[in-house]
Every structure is written in C-alpha cells, then in structure tokens.
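Q: Can you walk me through this one? I have the coordinates open.

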Amino acid sequence: MAEQLEWRRGRAHRTTASVLAGLALITACSGGADGDDRPAVPPTASGTLEQLASKARCEPNVQTDAEELRQARCTTDDGRYVLSTFATDRGQREWINEANDYGGSYLVGRKWVAVGDADVVMALRGRLGGTVETASRHHSGNSGGGGSEEGHSGHHGS
C-alpha cells in the first residue's frame, strides 16, 4: 500500500511538472502577445547610426560625430528622441551610467541607445528591438536641468 502511494505521488509530481513545462512552452511560442495587444519585439537591431535611424524610420540630424560617440536627433510620428551609437560596449555603459542621473527612458541595444519619452521609446522598440531601461531623476548638487533629450544630447561633447 505504501509503495502504491509513493508511486502515485511521484506520478502526480511528474504530471504537474509536465503540465507546467507545457504551459511555459505555449507561452514562449505565442509570438510575444501577452493578451494586451502589444506587438512582438523584433530581434535587437545593429549597425551604424544611419542604419539604425533608417530602421527606426528617422532622418537623423547628427549632433555629435566623434570616433567614440555619434549622436543624432530624430523626429518621427511617434515623437522626438536622441539616437546614439558607441565605439565600445564600455563607452556605452559609462554613458548610460552617467545619463541615469537625468532620469528618463532608454532603449538599449548593442553599442546603441535611444533616449526619449517612455511612449516614444516603447514605439521605437517595436522597430529596433532592444531592452528598455528606466532611470529615476536624482541629481546630486547643482548640475542644472535635465531629463529631456536636450539634456542628454550635449553632455558628451565631441
């Protein structure tokens, strides 16, 4: 009798694990739709500033054109944002860490960042993929205004 009970418990555990694995697989294969009508996120884009801008349907207005950093302002039907590309992953991470002091929403890809209002960043994510990072605004000291793309576009000069 005890053997049958142990066998049934083991079988029930395997059945539960199988059901959970199946649900995870169905969720993963659902194309990214999670019931709220958001489109699936494409693979993260890569390329030059101009290539990324083209994928984002933007005519880039280049503001900074340096070896380590290129930045352009973009205006689309979704709104305004700044698109930045970096020569190195380290340079990108340092820029993001410093920009976090200004708050805002960032769409982050490999060696590129788009900065704008949260709704603009989410719309852009549908074209460029990437990961959304949000920073709360917390200045220390008197560093002036910030938080808009104007604050981000000039704080790394050429």
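Q: Start with the helix. What do the buried residues of H4 pack against?
A: This is a predicted model. In it, the buried residues of H4 pack against helix H2 (49–55) and against the strands E2 (69–76), E3, E4 (104–109), E5 (112–116) and E6 (131–135).

Q: Which residues of H4 are buried?
A: Helix H4 covers residues 118–128, and its buried residues are Val-120, Val-121, Leu-124, Arg-127 and Leu-128.

Q: How are they placed when seen down the axis of H4?
A: They fall within an arc of 110°, so they line one face of the helix.

Q: Why would spacing like that work in a helix?
A: An α-helix has 3.6 residues a turn, so residues three or four places apart point the same way.

Q: What comes just after H4?
A: Gly-129, which takes a positive phi of about 70°.

Q: Now the sheet. In what order do the strands run?
A: The order is E1-E2-E3-E5-E4-E6, six strands in an open sheet with antiparallel pairing. E1 and E6 are the edge strands, each pairing on one side only. From one strand to the next, the twist averages 20°.

Q: And how does H4 sit on the sheet?
A: H4 packs on the sheet and touches E2, E3, E4, E5 and E6. The direction of H4 makes about 15° with that of E4.

Q: Over how many bridges do E3 and E5 pair?
A: Five, in the antiparallel sense. In one of the pairs, Leu-83 has Ala-114 in E5 as its bridge partner.

Q: Let's look at Ser-84. Where is it found?
A: Ser-84 is in strand E3, which spans residues 79–86.

Q: Is Ser-84 buried or exposed?
A: Buried: the cut-off is under 20% relative accessible area, and Ser-84 has 0% relative accessibility.

Q: What does its side chain have a polar contact with?
A: The side chain of Gln-71, at 2.9 Å.

Q: Which residues is Ser-84 in contact with, leaving aside neighbours within four places in sequence?
A: Leu-69, Arg-70, Gln-71, Trp-95, Lys-111, Trp-112 and Val-113.

Q: Arg-70 is in that list of contacts. Which side chain does a polar contact of 2.8 Å join to Arg-70?
A: That of Asp-65. Asp-65 is in strand E1, residues 61–65.

Q: How far apart are Asp-65 and Ser-84?
A: They are 19 residues apart in sequence and 10.0 Å apart in space, C-alpha to C-alpha.

Q: Is Asp-65 buried or exposed?
A: Asp-65 is exposed, with a relative accessible area of 55%. Ser-84, by contrast, is buried.

Q: Changing topic: backbone angles. Which residues have a positive phi although they are not glycine?
A: Arg-57 is one of them, with a phi of about 60°. Lys-111 is another, with a phi of about 65°.

Q: Where is Arg-57, and is it buried or exposed?
A: Arg-57 is found in the loop between H2 and E1. At 63% relative accessibility, it counts as exposed.

Q: And where is Lys-111?
A: Lys-111 is in the loop between E4 and E5. It is partly exposed, with a relative accessible area of 26%. Lys-111 is also among the residues in contact with Ser-84.

How values were computed. Residues are numbered from 1 along each chain as its sequence is written. This is a predicted model: local features need pLDDT of at least 70, side-chain atom pairs count only at pLDDT 80 or more; totals for chains, interfaces and linings use all residues. Side-chain values use heavy atoms; hydrogens and water are left out. Helices (H or I, at least four residues) and strands (E, at least two) are DSSP runs, numbered from the N terminus. Buried means under 20% relative accessible area, exposed over 50%, partly exposed in between (1.4 Å probe, protein chains only). A polar contact is a pair of N or O atoms within 3.5 Å; within protein, one must be able to donate a hydrogen and the other to accept it, and residues adjacent in sequence count only if both atoms are side-chain atoms. Contact means heavy atoms within 4.5 Å. The arc is that of the directions from the helix axis to the C-beta atoms. Two strands pair if DSSP finds at least two bridges between them. Axes are lines fitted to C-alpha atoms, for helices over the stretch in contact, and angles run from 0 to 180 degrees between N-to-C directions.
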